[in-house]
Amino acid sequence: MKWIYGHPRLYDFIDSFFSGSRSGRARKKALGGLAVESFLEIGAGSGKSFRHVTSGLTIGLDASVTMLEFARRRVPGLLAVVGDAHRLPFRDGSIEVSFFSYCLRGLAEPMDAVREALRVSRKVVIVDYDKPALMPEILWRGVVNKFGHAVFGSRDIDFESLERLAGRRQVSDLYGGLYKVMVLEGVGDAGS
Ligand SMILES: C[S@@+](CC[C@H](N)C(=O)[O-])C[C@H]1O[C@@H](n2cnc3c(N)ncnc32)[C@H](O)[C@@H]1O
């Protein structure tokens with residue numbers, strides 16, 4: 001795992017500074033003041049998402065103990081679970097909403113992780129960044145992707161294949177396509 005995930009404050013700073021705070025606004029829009037009985041963030045990091053959700057049971061799962069300890073101090077009542085996004089320790093359909101916020105790009109098998117989230121939850125919400133239509137390829141590949149890979153371990157992901165994992169999906173673009181929000185439900189044609 002990347003060294004940055006052992007430094008929650010630095011992660012928060014880089015995340016906010018280099019996106020001009022847009023990543024935080026996109027996170028907030030993706031959740032839109034959600035009120036649910038159970039909410040799981042997979043790759044919860046420093047716990048920035050939880051302020052946008054009201055939930056009876058709030059769970060943050062992450063592979064980094066340091067990130068989770070920080071999140072627990074930030075979010076009273078958070079159930080912090082050290083674990084792997086590819087193998088979630090929850091029963092089928094036991095969570096109302098699962099959330100991925102800028103986590104999938106850093107995973108070895110993002111498709112498997114989304115499949116796993118669809119198994120444990122009734123709805124999966126994803127926010128992540130993508131190449132804006134107007135951004136030149138050279139800037140995307142040469143700067144944004146290189147920086148993302150060096151600092152966060154990010155790689156390109158195939159959003160269309162991810163969408164097809166679900167039977168029902170809503171997809172929206174924010175900030176000229178720099179961020180993508182997906183809401184997935186049910187098992188789709190790429191689900192097995
Ligand atoms: C880019 S950060 C996103 C954090 C948070 N979701 C946010 O929006 O700020 C990615 C997080 O995924 C976690 N992570 C990386 N690999 C993981 C895995 N296999 N399973 C669970 N979490 C993982 C990292 O420790 C890190 O906290």
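Modeller: Helices (H or I, at least four residues) and strands (E, at least two) are DSSP runs, numbered from the N terminus. The model is predicted, so local features need pLDDT of at least 70 and side-chain atom pairs pLDDT 80 or more, while totals for chains, interfaces and linings use all residues. Residues are numbered from 1 along each chain as its sequence is written, and side-chain values use heavy atoms, without hydrogens or water.

Start with the largest pocket. Its volume is about 1000 Å³. A pocket is an open set of points on a 1 Å grid over the protein atoms alone, where a 1.4 Å probe fits, with protein on both sides within 12 Å along at least five of seven lines. The volume is the space filled by probe spheres set on the points. The lining (residues with an atom within 4 Å of a point) numbers 49 residues. Nearest the centre lie Tyr5, Tyr11, Tyr102, Phe152 and Ser154.

Several elements each supply at least two lining residues: H1 (8-18), H2 (22-31), S1 (34-42), S2 (53-62), S5 (121-129) and H5 (137-152). H5 gives the most, 6 residues. By class, the lining holds 24 nonpolar, 15 polar and 10 charged residues. Tyr counts as nonpolar and Gly as polar; Asp, Glu, Lys and Arg are charged.

The ligand takes up this largest pocket, with more than half of its atoms within 2 Å of the grid points as the criterion. The ligand is surrounded by 19 residues, counted when a heavy atom lies within 4 Å. Tyr11, Glu41, Gly43, Asp62 and Ser101 are the closest. The shell has 10 nonpolar, 5 polar and 4 charged residues.

Now the polar contacts (N or O pairs within 3.5 Å). The side chain of aspartate 62 places a polar atom 2.6 Å from a ligand oxygen. For tyrosine 11, the side-chain distance to a ligand oxygen is 2.8 Å. For arginine 27, it is 3.0 Å. The protein covers 93% of the ligand's own 600 Å² of accessible area (Shrake-Rupley, 1.4 Å probe).

The second largest pocket has a volume of about 170 Å³. Its lining includes Asp15, Arg25, Lys48 and His52. H1 and H2 are the elements that give two or more residues. H2 gives the most, 5. This lining has no nonpolar, 5 polar and 6 charged residues.

Notes:
Polar contact = N/O pair within 3.5 Å; in protein donor to acceptor, adjacent residues only side chain to side chain.
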